[in-house]
Amino acid sequence: MIWKITSLIFHRPKQVLSSISNPFSRQRILLSTFPANSPDLKTLCSNRQLKEALLEMGIQGLEVEFQGYDSVLTECISQTAIREGQRVHAHMIKTCYEPPVYLRTRLIVLYNKCRCLGDARRVLDEMPERNVVSWTAMISGYSQRGYASEALHLFVEMLMSGTAPNEFTFATVLTSCTSSSGFQLGRQIHSLVIKTSFESHIFVGSSLLDMYAKAGKICEARRVFDGLPERDVVSCTAIISGYAQLGLDEEALDLFRRLQREGMRSNYVTYASVLTALSGLAALDHGRQVHSHVLRAKLPFYVVLQNSLIDMYSKCGSLTYSRRIFDSMPERTVISWNAMLVGYSKHGLGREAVELFKLMKEENKVKPDSVTFLAVLSGCSHGGMEDRGLEIFYEMVNQKDGFEPEIEHYGCVVDLFGRAGRVEEAFEFIKKMPFEPTAAIWGSLLGACRVHQNVHIGEFVARRLLEIESENAGNYVILSNLYASAGRWDDVRTVRELMKEKAVIKEPGRSWIELDQTLHTFHASDRSHPRKEEVFAKVRELSIKIKEAGYVPELSCVLYDVDDEQKEKILQGHSEKLALAFGLICTPGGTPVRIIKNLRICVDCHNFAKFLSRVYGREVSLRDKNRFHHIVGGTCSCGDYW
């Protein structure tokens, strides 16, 4: 494009000799035609007078040399001024100026910064000579704009040209090694890094560990991190973020503490990564402490950090704090709205989610995206608002909001029907979907069949699921539970034998509670905790006390063919009850007890917590795999609908 517009954007005053208009002329311009005491280009650019500098460049014509072009291009890059940069490039072409490698590289940088990758690549391709900086500038342009394949191909082309990469080339190209094929190339690049002795360089090391962490290879990432001779905030943040993104929240928190003791200075990205880990652990006290650190450090409240705080408080059960941060934000992105909407959804506050969605549309500053609609539909599902959820969905189908539903939104509608007990409608809806149902959609329907004891549809769905993902233990467990609830113990045994045959292992249930900034984890019938005898004795005491208030154990939650006495004993060993008992032992009366469960809470433990709350006057906050349960005075926020 730049080559087509040179004649349109190149202007000269009439006093300038006509010889300048000839692009092949190299005559000197009569100096008498210039104004007296004309400022030079460097001075004008230093004063950020880009418009005046361009005018002066036109007046000087053929007299512009390296220093002048460098000054004007640098100012164009600084101001991200694409049209002005094109005029400089046009001036070079019109006057037949042959820019050296340095200035051609500056043009690549300018076009990349202004998102004109095609023009940048054309400059590179037309360079008679290239150096490592030129190649790296173009690779960086591709990497920053998400063109990973182009970046990797260009890197290979650079190697074939005989140009040796430097530390900045390696650090840049490694950020593009994200896909499965890219990761394989990334491992080869790592070998080259070792051969060229760049592994210990801080920039290269940070990119390497980030690449391994994003590929889920956290052990390799940690080895790279431990091998760095020095660490900066970027490398420390990369490894903490790697642990947090993989759900290794305790490891992320432990490493953050260790690095802080070693003198690491955190930035807003570090804190955002730590808050992600604390969200997974629902460690509210730690979260408040990190929030205080941020305030004391007087860090600028970047949107990404505020979004992380909203998410952390929401997942720790403190929606009031989440909304307070949300309302105080001077600028909100779609992620900010989504974080708040997901918070309401997970707490079963469907009405609040719908109201916030309405406010988002009324403000009309940020457009809803796929996650926005998922959050609202999920909020309607968890909040028992199936009619409103269906209304929003069919508005999407009719593109009333300019957004067409994707398969995940159809999955939300299946969940909506399933939670409301409308299993047959959910089944018919799946049959009519314009998409092939995924394992997640069938799994949602199977869960609804289990809750509402629809064995007929459940068996059909289970067969489909076992065809799609035979290695998923959850499908076997739900089917086994469905048979157990119907008293079909022979079928239960058949499913468990099939699990053994397929070597499928069920994820064990566990619950944890944070006390004095220490996480205490309990498994079913856990005998590993230092105070196990005291905890089991407390569970028995609680059971006796709440039975007097009307609690009756829900024996159907025990999925083994044993007598009632044995079933009750098994129920007492559930991890939620152990964590609750430990919380009552270790906290003063009247204070809330906050529990987290990695799986869905069972009906018996839910009833147990409700009676405990009423009898002992304790507020119980319990977050399971699907949602929050706030229990006060024996009443749960879920309305026994989950």
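**Entry 1: the end of helix H29**

I began just after H29, where Ala503 takes a positive phi of about 60°. I note here that the model is predicted.

H29 covers residues 489-502, and I compared its length with expectation. At 1.5 Å a residue, its 14 residues should span 20 Å. I found the end C-alpha atoms 20 Å apart, in agreement with that value.

Which residues of H29 are buried? I recorded Trp489, Val492, Val495 and Met499. Viewed down the helix axis, the buried residues fall within an arc of 115°, so they line one face of H29. On the other side of the helix I found Asp490, Glu497 and Glu501 exposed.

I next looked up what the buried residues meet, and they pack against helix H28, residues 473-485.

**Entry 2: Ser480**

I selected Ser480, which lies in helix H28. Is Ser480 buried or exposed? Its relative accessibility is 3%, and because residues under 20% are classed as buried, Ser480 counts as buried. Setting aside neighbours within four places in sequence, I listed its contacts as Val492, Val495 and Arg496.

**Entry 3: the nonpolar cores**

I turned to the largest nonpolar core, which has 155 residues. Which of its residues touch the most other members? They are Val72, Val88, Ile189, Ile239, Ile240 and Leu445.

I followed up Leu445, again leaving aside neighbours within four places in sequence. Leu445 is in contact with Val414, Val423, Ala426, Phe427, Ile430, Ile457 and Val461. Apart from this core lies another, of 29 residues, including Val593, Cys602, Cys605 and Ile631.

**Entry 4: the sheet**

Finally, I traced the open sheet, in which six strands run in the order E2-E1-E3-E4-E5-E6 with mixed pairing. Which strands stand at the edges? I identified E2 (518-523) and E6 (635-636). Each has a single partner strand, so one side of each is left without a neighbour in the sheet.

As a reminder, strands of a sheet pair through backbone hydrogen bonds, in either a parallel or an antiparallel manner. I checked E3 (residues 593-597) against E4 (residues 620-623) and found them paired in the parallel sense over four bridges. Within this region, Ile595 stands opposite Leu622 of E4.

Terms used
Residues numbered from 1 in each chain as written. Predicted model: local features only at pLDDT ≥ 70, side-chain atom pairs only at ≥ 80, totals over all residues. Heavy atoms only, no water. Helix = DSSP H or I, 4+ residues; strand = E, 2+ residues; numbered from the N terminus. Expected span 1.5 Å × (residues − 1). Buried < 20%, exposed > 50% of the residue type's maximum accessible area, 1.4 Å probe, protein only. Arc of directions from axis to C-beta. Contact = heavy atoms within 4.5 Å. Core = buried A, V, L, I, M, F, W, Y, C linked by side-chain atoms within 4.5 Å. Pairing = 2+ DSSP bridges.
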